[in-house]
Amino acid sequence: MRTYNEKMSIYHGMVSTLTVNTTANYIPIFSMAILGATNYQVGLISSIPPLVTLLMTIPAAILLNKAVEQKKLVAFSVLTARLVFMLLIFIAYIPQSIASWALLALIALMSIPNTLANMGWQALIGNIIEDRRRGQFFSDRNRLLAIIGLISTLTIGIIMRDATNSIFAYQLLFSMAFCFGLLEVYFLLKHEEGEPVQKKERNRAMNWAIFKDTNYVRFLFVALLFNFGWQMAWGLFNIYNVRYAEATIFWISMFSAANMLAQIFSFPLWRKWSEKYGNMRVFVWVAFGMAVAPFAMALSTNLVYLTLMSVQSGLFVSGTILILFNLLLENSPKENRTYCITSYNVLLAIIAFIAPQIGIWLLETYTMTAAMNISTIVRLAGAFGFLYVWMKSRERGALQ
């Protein structure tokens, strides 16, 4: 039976999914179809948020460690971030010569409170959801959110199938995202937060002792390598879909819907397998599956084929979403969990800023196919890294 906090977290996740689904999938196509963004600027859409995260993570960690009630700080951060959607409504009226740069500036502005909100949510959820409930809870939650995402994406795709070049269509999406953001704030404040953990540590920005934990450091290195290969292709996918395959809002929605439909069916499987075989062992297979996506996608620009590739991607994205965060919590000493999350987010932000830019550089220097294939190779290296970590964990278990 779900606890009160689990219910509130699910409600919050539902409206948060609606917020993301009415913006994230369509900002890249908005930048290209309406604002005339270049490939470099499209790449920056993926790179700017992690750069801001890098700059803001330590200040965010200090605020979170000092906060008496983390949920209030997280809720305020979400509200501030969602207010930026109201500014996006007017960006199409700016001269096109600077409109794309104005969009990037607003994305950077929104990323400041988003950093605090994301870190705060990770710490909050790690403290209020019991360890024994985590696998079941995240599986159920993610599956439900995928269903909500599927329905909303299909609805947007069908209603706005002929609105790819309509300014009003994007303005409507941004307005809806703001309204859903207000509901996010409401459900965040409804959470019941427990007693603060490790009060004596609250004035410290970082506890460097976490890097003496071999298990955490080994996981951190491999996770960052995998994320590098994963995020290298983010900007490439957007450019490939819009400029190479000439996908409209309808097809972008279909790609996203196919991806989420696959996630809905695969979340219970990944949860079942991770509980039976262990998170690390199962994630090895997830990482190998993720590695196939860039190579397979670059084989054709046929829109039906790309929809099928979105299904393949969704099958393994669900495993990544479900298990990678659990692995972070699993490999983070509980007494220093906030600091482990902080260091992970700082280093991940560096990777997430650099990787998409390298992907775009490879595209501009070589070809789209070459860039996609290199992403696949790096992802494969990450998959073998997780295999190594799993083998080391087996050795450690055998010695104990």
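**Entry 1: a surface patch.** I looked for nonpolar patches and found Leu 87, Leu 109 and Ile 112 on the surface, with about 250 Å² of accessible area together. I noted the patch rule: residues with over 30% relative accessible area and no salt bridge, with like charges joined within 9 Å and nonpolar side chains (Val, Leu, Ile, Met, Phe, Trp, Tyr) within 5 Å. A salt bridge is a side-chain nitrogen of Lys or Arg within 4 Å of a carboxyl oxygen of Asp or Glu. Accessible areas come from the Shrake-Rupley method with a 1.4 Å probe, and for residues only the protein chains shown count as cover.

**Entry 2: source notes.** This is a predicted model; local features need pLDDT of at least 70, side-chain atom pairs count only at pLDDT 80 or more, and totals for chains, interfaces and linings use all residues. Residues are numbered from 1 along each chain as its sequence is written, and side-chain values use heavy atoms, leaving out hydrogens and water.

**Entry 3: Leu 87.** I placed Leu 87 in helix H4, residues 70–88. Its relative accessible area is 45%, so Leu 87 is partly exposed (buried is under 20%, exposed over 50%, partly exposed in between; 1.4 Å probe, protein chains only).

**Entry 4: the fold.** I found 14 helices and zero strands in the chain. Helices (H or I, at least four residues) and strands (E, at least two) are DSSP runs, numbered from the N terminus.

**Entry 5: the whole chain.** I read off a C-alpha trace spanning about 60 × 40 × 40 Å along its principal axes. Of the 400 residues, 58% are buried. The accessible surface comes to about 17,500 Å², and 66% of it belongs to carbon and sulfur atoms.
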